[in-house]
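Welcome! Take a look at the sequence and the structure below, then try the exercises, each followed by a worked solution.

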Amino acid sequence: TVQVETPETAAKDRFLAEYASSHWDVVWLASHGEFDHWDPKSACVQVDRAQSYVDVEDLLHAAPHGAARRLLMLNVCDGARSAENGLLPRIGLAPAIASSDQAVISHLWPAEGWAAATFGVLLAMELARTRSFFSSFSAALDQLRDRPTELANRFDAAGVCPTISDRLR
């Protein structure tokens, strides 16, 4: 089962309700992320067109516990960024909310939109092959090294994302 929310229909309260549900194997957010190096505890991601944001505290309070481990894919800039203060990297979105109940994949730095979308498609294709989260992540990263025309041909053969295929060409 896949449930898609568009920016026009998304809302912070609905996002947090779905995020809190142990029903989902994967929760995927493609949006805008912010990380302030001077205030790392304020890291957040935009969840709707009204520019509502969820922050680390929102996600920590809503995270499901006790179910099978699920994946949170934050296809957002700086989602994996953490404070560089010499301590354990737990101050930032992905580092703070990763746990035995939830794996998190995100971008460490700002990512160009088409590169982020291409990585997202590759990751989704690998996850659909029923690979583990880490194996899917590793395979998607490896494939990013392929020539853009090879990626476009792979997307065409799989019947996915003609817009991204055209852009890659």
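**Exercise 1.** In what order do the three strands of the open sheet come, and is their pairing parallel or antiparallel?

*Solution.* Keep in mind that this is a predicted model. Reading across the open sheet, you meet β1, then β5, then β6, and the pairing is parallel. Next, look for strands that pair on one side only: these are the edge strands, β1 (26-30) and β6 (102-106). From one strand to the next, the twist averages 10°. Now zoom in on one pair: β5 (residues 70-75) is joined to β6 by five bridges, in the parallel sense. Here L71 stands opposite A103 in β6.

**Exercise 2.** Find which strands helix α1 touches as it packs on the sheet.

*Solution.* Start from residues 12-20, which form α1. This helix touches β1, β5 and β6, and its direction makes about 150° with that of β1. Then turn to α4, which also lies across β1, β5 and β6 and runs at about 165° to β5.

**Exercise 3.** Work out how α4 and α6 are oriented relative to each other, and which residues make their contact.

*Solution.* First, locate α4 at residues 113-128 and α6 at residues 148-158. Their axes come within 12 Å and cross at roughly 50°. That angle makes α4 oblique to α6. The crossing is left-handed. Next, list the contact: α4 supplies T118, V121, L122 and M125, while α6 supplies L151, R154, F155 and A158. Finally, sort these residues by kind: six are nonpolar, one is polar and one is charged.

Terms used. Residues numbered from 1 in each chain as written. Predicted model: local features only at pLDDT ≥ 70, side-chain atom pairs only at ≥ 80, totals over all residues. Heavy atoms only, no water. Axes fitted to C-alpha atoms, helices over the stretch in contact; angles between N-to-C directions. Helix = DSSP H or I, 4+ residues; strand = E, 2+ residues; numbered from the N terminus. Parallel < 35°, antiparallel > 145°, perpendicular 65-115°, else oblique. Left-handed = near helix turned anticlockwise from the far one by under 90°. Contact = heavy atoms within 4.5 Å. Nonpolar A, V, L, I, M, F, W, Y, C, P; charged D, E, K, R; others polar. Pairing = 2+ DSSP bridges.
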